[in-house]
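Let's go through this fold together, one question at a time. Please keep the sequence and the 3D view open as you read.

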Amino acid sequence: MRLAEQVTFGGSGLERAAHLRGDAAALAELWATAGTGVLPVWRGKPLFEGEHRSVLGWLPPSDPLVKARLSNAVFLGLDDGRARFAVDLSDWEPEVVPDTLNSFVDPSEQHHPDLPETLVFAELRRLMTVINSRDAELAATAKALIGWQRSHRFCALCGAESVMTQAGWQRDCPVCDGKHFPRTDPVVIMLITHGNSVLLGRSPGWPEGMYSLLAGFVEPGETIEAAVRREVFEEAGITVGEVSYLASQPWPFPSSLMIGCRGTATSRDITIDPVEIEDAIWVSREELLSIFAGEHHHILPARKGAIAQFLMSNWLADRLN
């Protein structure tokens, strides 16, 4: 797909500088270098700056809030030669923790009392389309790595508490010498078409009126093509013939790689699995245009920034090849 790397969280060309991750002296030198930025993340929410939250809130390593946290900092890479780190500030307890935290839509923002008023922690899913592609890649990497560090503290081999190594890109077990690496879960998301129509589905718990492309996890021992056919048949009872790859998107909610595919349906009658989805429908190209224009009577446009919206908009514009 010609425009594949224009999807949100992809294509910024970040220099990840993996050769520096195990070099403690080099990392310490970078930490002390002018221009280095540290991104605090609070319970999965990166720090943002400005009235419109359109840029990430980078702090200098000398800032008292992050100054002593190099040993637990995640090295994200080099942004045009400038080192970028992220630190987990989830140990901070604000006066009020909203009940929307970690929900599908979290509009809340948190301000740390030691930071300027212009800096707040906010949900990346809400702001992913207003920041530039480099900030989006850096934020996605920070959120995914810090989330993995928090959820994989103990060795899966012996149960002992492991320690962070390789600047956040590895955890080692001091008891059994087990080595553990960040997890990314492959998920297929499918633009399934039949003639002039595309298949949309709706999961329970989604906002009212929200429909999207069908998606599901790739299972062990399964190819991407087989996963596409299995998921569509399991969820909607639709058989799929030819399958082709279109684009991918890192999705740090919490740690998936969305693999966008196109599939041609060989049947049209829908039989949903109510355990998997709440509804599935065929939508014509003309109807999808009205949905994207916000003119449909009950279906909302796909979420901006998600690969589903990206694939559907390119299908409408005939730009999939």
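Q: How many disulfides does a search of the whole structure find?
A: This is a predicted model, in which local features need pLDDT of at least 70 and side-chain atom pairs count only at pLDDT 80 or more, while totals for chains, interfaces and linings use all residues. Residues are numbered from 1 along each chain as its sequence is written, and side-chain values use heavy atoms, with hydrogens and water left out. A disulfide is taken as a pair of cysteine sulfur atoms within 2.5 Å. The search of the whole structure gives a count of 0.

Q: Which cysteine holds the sulfur closest to that of Cys173?
A: Cys173 is buried, with a relative accessible area of 3% (buried is under 20%, exposed over 50%, partly exposed in between, with a 1.4 Å probe and protein chains only). Its closest cysteine sulfur lies 3.5 Å away, too far for a bond, and belongs to Cys158.

Q: Is Cys176 buried, partly exposed or exposed?
A: Cys176 is in no disulfide either, as the nearest cysteine sulfur, that of Cys155, is 3.6 Å away. With a relative accessible area of 34%, Cys176 is partly exposed.

Q: Which strands stand at the edges of the open sheet of 3 strands?
A: The strands of this sheet come in the order E7-E8-E9, with antiparallel pairing (strands, E, have at least two residues and helices, H or I, at least four; both are DSSP runs numbered from the N terminus, and two strands pair if DSSP finds at least two bridges between them). E8 (residues 170-172) and E9 are joined antiparallel by 2 bridges, and Asp172 has Lys179 as its bridge partner in E9. One side is left without a neighbour in the sheet for each strand that has a single partner, so the edges are E7 (163-165) and E9 (179-180).

Q: Which helix packs on this sheet?
A: The helix touches E7, E8 and E9 (a contact means heavy atoms within 4.5 Å). Its direction makes about 20° with that of E8, where axes are lines fitted to C-alpha atoms, for helices over the stretch in contact, and angles run from 0 to 180 degrees between N-to-C directions. The helix is residues 133-151, H3.

Q: Is Glu137 buried or exposed?
A: Glu137 is part of helix H3. Leaving aside residues up to four places away in sequence, it touches Phe9, Ser12, Gly13, Leu14 and Arg16. Its relative accessibility is 10%, so Glu137 counts as buried.

Q: What is the phi of Ala167?
A: Ala167 sits in the loop between E7 and E8, and it counts as buried at 12% relative accessibility. Most residues other than glycine have a negative phi, and most peptide bonds are trans. Ala167, although not a glycine, has a positive phi of about 55°.

Q: How wide is the arc covered by the buried residues of H1?
A: In H1 (residues 24-31), the buried residues are Ala26, Leu27, Leu30 and Trp31. They lie on the same side of H1, as they cover an arc (that of the directions from the helix axis to the C-beta atoms) of only 140°.

Q: Which strands do the buried residues of H1 pack against?
A: The face turned away from the buried side carries the exposed residues Ala24, Ala25 and Glu29. The buried residues pack against E1 (37-42), E4 and E5.

Q: Which residues have the most contacts inside the largest nonpolar core?
A: A nonpolar core is a set of buried Ala, Val, Leu, Ile, Met, Phe, Trp, Tyr and Cys residues joined through side-chain atoms within 4.5 Å. The largest one has 75 residues, and a second, separate core of 19 residues includes Val228, Ile259, Ile277 and Trp282. Those with the most contacts inside the largest core are Phe75, Phe85 and Leu213.

Q: What is the omega of the peptide bond from Phe253 to Pro254?
A: Pro254 is placed in the loop between E13 (240-251) and E14 (256-265). The bond from Phe253 to Pro254 is cis, with omega near 10°.
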